[in-house]
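Work through the exercises below with the model open beside you. Try each task before you read its solution.

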Amino acid sequence: MNYIFQFGEILKPVNFDELLWGMLSTLRLSAESMVLSLAFAIVGAMLRTSGPKWAQALIGAYVEIIRNTPFLVQIFMIFFGLPTIGLRLDANGAALVAMVLNGSAYTIEIVRAGIESISAGQMDAAKAIGLRPLQSFRLVVLPQALKVMLAPLGSQFILLMLNSSIVSVVSADELMAAAQDVQSRTFRPFETYIIVFVIYFVVSMLFQAAFALIDRWAFAKAEQR
Amino acid sequence: MRTLTFSDIEFLVFAVRWTLLLSALAFAGGGIIGLIIALMRTARSLLPRYLAIAYIRVFQGTPLLLQLFLVFFGGDLIGLSLGPWLSAMLGLSLNAGAFLGEIWRGAIQGVSRGQREAARSLGLGYGPTMLFIVLPQALRLAVAPTVGFMVNLVKSTALASILGFVELVRAGQLLNNATFRPFLIFSTVAVIYFVICWPLTMASRRLEARLAQAYRR
């Protein structure tokens with residue numbers, strides 16, 4: 001092996017800054033899609049567990065379709081397919097829509113498992129003290145379910161962030177696209193991808209540690225009660 | 001631009017075999033790596049255990065697409081031009097090894113400790129204990145999550161298209177470039193994936209339910 005590694009070029013501010021910007025875009029995209037997915041998932045899981053029959057079936061079908069097809073195909077459908085039926089999105093818009101659509105399906109299952117882990121007696125008790133169904137869901141079931149959901153939601157966020165690299169195929173702004181830009185300018189693909197690899201790894205480890213801390217803190221609180 | 005014909009759809013359906021072949025080979029490769037990782041992860045001494053943990057962390061903490069790129073460009077670096085097909089297979093195997101290793105570690109640890117101790121006290125060494133006592137029992141626990149992981153693996157093979165390997169998604173892209181019917185083509189591609197993955201999902205769920213029932217007794 002007589003290859004000479006040249007990391008210097010990529011660590012130059014002009015290139016490295018682009019990678020850091022890429023990481024920030026990745027984080028923003030992931031955070032936005034996580035928040036939106038969670039919002040949709042709470043409504044979705046509510047309908048899935050206690051909505052009308054047709055809504056249960058519809059959401060069930062949605063979850064199955066999303067979870068049994070590749071994310072890459074989903075983003076192609078949204079970015080290339082939708083314009084042909086008159087719905088045009090730019091790369092970043094398509095990326096966000098695809099990630100929310102995909103993330104919601106997985107998050108619905110997490111939220112549903114969380115809700116189902118709360119015993120039915122809680123709902124009955126809430127009803128007995130005169131809360132309306134939505135109130136008892138919001139004030140009694142959801143806060144308790146949140147504790148169960150915390151750890152899987154944390155892993156879901158990391159998965160979402162790693163998966164967001166795939167939206168680079170439609171050249172939405174994020175780290176992987178930035179990496180492709182830098183490597184085509186420096187002609188140093190391997191070095192660029194190694195550095196990006198390290199960036200992704202460090203960020204996902206940091207999030208994992210952060211979620212573990214939040215989890216511990218939340219459970220400590222729960223035990224005090 | 002030309003119109004979409006029946007033979008185009010046929011082209012798409014035939015591209016499935018590459019998706020299936022890639023999935024199967026990546027599963028085989030990932031299975032070998034996964035078994036090694038699982039055994040290292042459950043070993044008694046610290047070094048193999050930490051190495052296995054590091055391996056799992058690295059592959060689960062970075063995007064698969066990036067891992068594939070690194071294998072693809074890394075091959076060139078050491079003078080091996082792997083090409084899309086081999087890079088995809090190798091990259092997917094390495095990645096699957098981490099996930100299968102973690103799943104199978106759980107299964108191995110799910111076999112009660114007494115089993116291993118009993119085997120040892122009968123005078124069986126590490127190899128026979130694992131091979132004849134622990135692994136057969138772990139297999140039962142491992143089947144459902146392993147089948148569930150296969151769904152992920154089949155979906156992951158789609159990323160090989162980005163390296164330029166002509167499997168289902170890449171075939172769809174090529175067809176789309178010629179005919180420009182993205183909605184029809186990519187929904188057909190999605191349907192094909194669904195037809196492959198959904199039975200696996202259902203099987204995994206059924207196996208899981210059966211296992212849960214066995215434990216309730």
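**Exercise 1: The elements of chain B**

Chain B holds 9 helices and 0 strands. Helices (H or I, at least four residues) and strands (E, at least two) are DSSP runs, numbered from the N terminus. This is a predicted model: local features need pLDDT of at least 70, side-chain atom pairs count only at pLDDT 80 or more, and totals for chains, interfaces and linings use all residues. Residues are numbered from 1 along each chain as its sequence is written, while chains are lettered from A and ligands numbered from 1 in the order in which they are written.

Task: write the order of elements in chain B, then give its span.

Solution. 
- Step 1. From the N terminus on, the order is α-α-α-α-α-α-α-α-α.
- Step 2. The C-alpha trace of chain B spans about 75 × 50 × 25 Å along its principal axes.

**Exercise 2: Two helices**

Task: find how the axes of α8(B) and α9(B) cross.

Solution. 
- Step 1. Locate helix α8 (residues 168-179) of chain B and helix α9 (residues 182-216) of chain B.
- Step 2. Their axes come within 9 Å and cross at roughly 165 degrees. Axes are lines fitted to C-alpha atoms, for helices over the stretch in contact, and angles run from 0 to 180 degrees between N-to-C directions.
- Step 3. So α8(B) is roughly antiparallel to α9(B) (angles over 145 degrees count as such).
- Step 4. List the residues that meet (C-beta atoms, placed from the backbone, within 7 Å). In α8(B) they are L168(B), V169(B), G172(B), L175(B) and N176(B); in α9(B) they are P182(B), I185(B), F186(B), V189(B) and I192(B).
- Step 5. Sort them by class: 8 are nonpolar, 2 polar and none charged. Ala, Val, Leu, Ile, Met, Phe, Trp, Tyr, Cys and Pro count as nonpolar, Asp, Glu, Lys and Arg as charged, and the others, Gly among them, as polar.

**Exercise 3: Chain B meets chain A**

Task: describe the side of chain B that touches chain A.

Solution. 
- Step 1. Count: 31 residues of chain B are in contact with 29 residues of chain A.
- Step 2. Name the elements that give two or more residues: α3 (64-77), α6 (126-156), α8 and α9 of chain B.
- Step 3. α9(B) gives the most, with 11 residues.
- Step 4. By class, this side of chain B has 23 nonpolar, 7 polar and 1 charged residues.

**Exercise 4: One residue**

Solution. 
- Step 1. Find T146(B) in helix α6 of chain B.
- Step 2. Leaving aside neighbours within four places in sequence, T146(B) is in contact with L100(B) and I103(B).

Terms used: Angles under 35 degrees count as roughly parallel, over 145 as roughly antiparallel, 65 to 115 as roughly perpendicular and the rest as oblique. Two residues are in contact if their C-beta atoms, placed from the backbone, lie within 7 Å.
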